[in-house]
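Please open the structure in your viewer and keep the selection tool at hand.

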Amino acid sequence: MSGIARAKWLLAAPVGAMVFGFFMVPYLNIVVMSLRQPSTTQAYGPGFTTDNFVKAATDPLYVVTLLDTLRLAAMITLITLALAYPVAFHLARTESRWRGVLYGLVLSPLLVGVVIRTFGWIILLANNGLINQAMRQLDLPRLQLMYNEFGVVLALVHIFLPFMVLPLMGAIQGIDPRLEEAARSLGADKRRVFLRVLLPLSMPGIQSGCILVFVLACGAYVTPLLLGAGRVHTTTTVVVHQLELFLWPFGAALALVLSLVGLMVVWLYARLSGRVLRGQS
Amino acid sequence: MKLWRGLFGGLIGAVYVFLMLPIAIVVMASFNSTRALRFPPEGFSLRWYVAFFESEPFMESFRLSLVLGVAATVASVLIGTPAALYYVRFAGRWREAFRLYVLAPLLLPEILTAIALLFFYYQIGIGTKSVAGLFIGHVVVCIPFVFLQVTASLYNLSPSLEEAARSLGASPWMTFLRITLPLIKPGVINGALFAFIISFDNVSISLLLKGIGSTPLPMQLFDYLRWGFDPTTAAASVVSILMTLGAVVLVDRLVGLRAMRF
Amino acid sequence: MTQLRIAGLEKRFGEVAAVRGVDLEVAEGELVSLLGPSGCGKTTTLRCVAGFEQPSGGRIAFDGTDVVPLPPEKRDIGMVFQNYALFPHMTVRENLGFGPEMRGIGAAARAKKVADVLAMVQLVGYEERYPRQLSGGQQQRVALARALVIEPKLLLLDEPLANLDAKLRDEMRFFIRSLQRRVGITTLYVTHDQAEAMVMSDRIVVMFEGRIHQIGSAEDVYDRPATRAVSNFIGQSNLLDGRVAGGGNGRWRIDTAMGPVSCGSGFAPAVGDRASAMIRPEAIELHANKTDAGCFPGRIESRYFLGNLAEFRVRMSDGSLLIVQQPAHAAHAVGAEIGVRLPAERAWLVREDVA
Ligand SMILES: Nc1ncnc2c1ncn2[C@@H]1O[C@H](COP(=O)(O)OP(=O)(O)OP(=O)(O)O)[C@@H](O)[C@H]1O
Ligand SMILES: [Mg+2]
């Protein structure tokens, strides 16, 4: 053992160096950057200030955008959960020989880049897209499906569905089917078996799926940009816009505020659902 | 009861259709003969594929994405595998902290990581002049996927197998080569697959770190889509989907046959 | 042939002291079992000998040479693991060839060794199978062959039969024992099954909580247990607590609640010390007449038929309960008042704990 034991830190050294040099240091650098003076001629001016944070946290424009982002993320999380649960349940319990195919179908979006999937939605939802062409042929009024929240939410739900189905499936597979049978034998109908046995026991999966999707939705950038096309603003699109305007210190502050608020929401949620979990066990 | 069952089945079916819909549409658009996709589609043509393969910017992006994907995969496997080994076999008191540290790039929004790297590169003076910056960004976001896969396969590997090899006279290094590595190979290859897909489809990192004249394929698509609609992008998308699918099939061939069977 | 010597072995895992001062010598060609309840430190002791754990203190020597600084691959040991640890990606032949290969033995000599050892464990014809294609018993024999093919100095086995069904376990006991005799290899065998230890070993080491309570033959540990823990762990026993009233020359009298009891002892206690007399259920005699000489009065409370034996619970005058085993058809009815005799030559003085 001694040979390996002496060299074991060598195993951790590359990842340590890489994540430190190109993740930790850059993030610390953002923190420093967010405290710099803005400047119109260079990346930042001399001296330090907290103005960027004050602006990010008080200017109604940015506060509203932040709240919108959180609201959209919460909405996306709930819709994803509602759609994913039946699918996850079905996949976890089915003995159909199509199970493998269906499983592959659920995972398939992961193999297709975000841009391509967003592209597919554009073809469908655009003002002269496939759906509106069909509407016209049926002499129905044109629907505004894109360049609004509807399109963004729809496409993001699609993108994040696999991230919800997988943890849910894991949790449901972990529930002994005999528990359901036991509950039935004790006189619970299907609805109550679901509410009193399955739902509480799949809570850990629900929790991790929701946290994952919420965090991903808060950080989404490409889809809101392409499907919102300047009419749906999320904090990420605003942050990147600041970079394009060369307002780096403010962009950094805005990015940090988003991360912090996002983490806080997740923490609150974890605490609340943790209480529910404990209450049930 | 029957009604419920029907509704439930209908909902599940609808979700599967929903999952496939945009991908199917892109594939359709790529084979459509006219510029604008009509409903119902009119005519079959490969002209957009021809346009794609003849387009210098697209081909350049495609090559860059491939090289970048392979390089990032190799690098993240070389870094992530030893990290997983350390975590599962040797990490002591700081185990969980180490895990969080390695997974951190997965836990924070990628676009923020990209911003952080962009600022950092400007501050140390390399800016977006070098493809190396882009490459490093890809490696940072790929490592967690390799780490997760290899960790999982190491957990399934009983330490007594390694001990048995040692008791039979194999050195630690020999034990790693002859016992550990062959047995975690499926995990390593799965991790590599993930890394390749993540790199090949990456937008957020590439968006901010791409340099002049070095635009990976998803970014090229992104730029085209931002300013208008061109079915060449659909053809490019389908080629890109085929690439990832190819990688999956390759992996299935590599580890799906023998190694998965024990 | 190698002699193993363990002196003052200690192993701590943080707060947990898994092994607390183990001294043991295993002679050349001897098979010694480590026996004890779960968590008593048997595996840890074995792993220290193998080199998988670094001792916190003490010495381990093979033929007088200290091996503590050596890594496992330099110790020349053959080890059989509880779950066999056969390499799943290698065939039987490759598994068996691995050790010789690591020792730099050429292909031809290796093939010969593998063929010989396969014949020894009666698995000729299974060379190209993968471990998953073998039954539990066959895997067990491959594991044994893999450990023996390298002709190690020492054979270490950690509960090698724990995963087999009862019948196969019985067969393998004799198989391993006769193989070990034939090869003449010094062997350390870990088990928590007392019958297994008794059948297989030259000597048995009984451990509790990281310490050795007794080293001896099967008869020693059964008839003459050193401590309460040993007498309780091995077989059933009746323990009569009291104080030493007097005696000498290996024969002592204990005053118990029931009355004075005579017993043998392996050491000399001080008069007035707290002590217990141990007597096995089958050593106790039941007399129909409770006034027979040397008998204590008792009443049969229950009777169980065990096939080859009958077991009685006998309530004594002081309220204590004795377990007694008699030939299967011994005719004592429940409720009968009887005489209970405790033959002095079968009673044994046991200590609270190791000295
Ligand atoms: N790696 C370890 N880290 C911490 N404690 C350990 C470790 N290995 C063993 N222990 C502790 O040391 C003690 C002895 O363990 P050991 O495995 O030697 O017992 P054992 O006699 O082999 O038991 P069993 O019959 O159950 O296999 C136990 O209390 C165990 O919990
Ligand atoms: Mg053990």
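The tour below goes from a ligand to a sheet.

This is a predicted model, in which local features need pLDDT of at least 70 and side-chain atom pairs count only at pLDDT 80 or more, while totals for chains, interfaces and linings use all residues. Residues are numbered from 1 along each chain as its sequence is written, chains are lettered from A and ligands numbered from 1 in the order in which they are written, and side-chain values use heavy atoms, with hydrogens and water left out.

Select ligand 1 and the residues around it, among them Phe13(C), Lys42(C), Glu159(C) and His192(C); a residue belongs here if one of its heavy atoms lies within 4 Å. Helix 1 of chain C gives the largest share of this shell, three residues, where helices are DSSP runs (H or I) of at least four residues and strands (E) of at least two, numbered from the N terminus.

Now look for polar contacts, pairs of N or O atoms within 3.5 Å. An oxygen atom of ligand 1 lies 2.5 Å from a side-chain N or O atom of Thr43(C), and an oxygen atom of the ligand is likewise 2.5 Å from a side-chain N or O atom of Thr44(C).

Finally, pick strand 3 (31–35) and strand 9 (203–208) of chain C, which pair in the parallel sense over four bridges, and find Val32(C), whose bridge partner in strand 9 is Arg203(C).

Conventions: Polar contact = N/O pair within 3.5 Å; in protein donor to acceptor, adjacent residues only side chain to side chain. Pairing = 2+ DSSP bridges.
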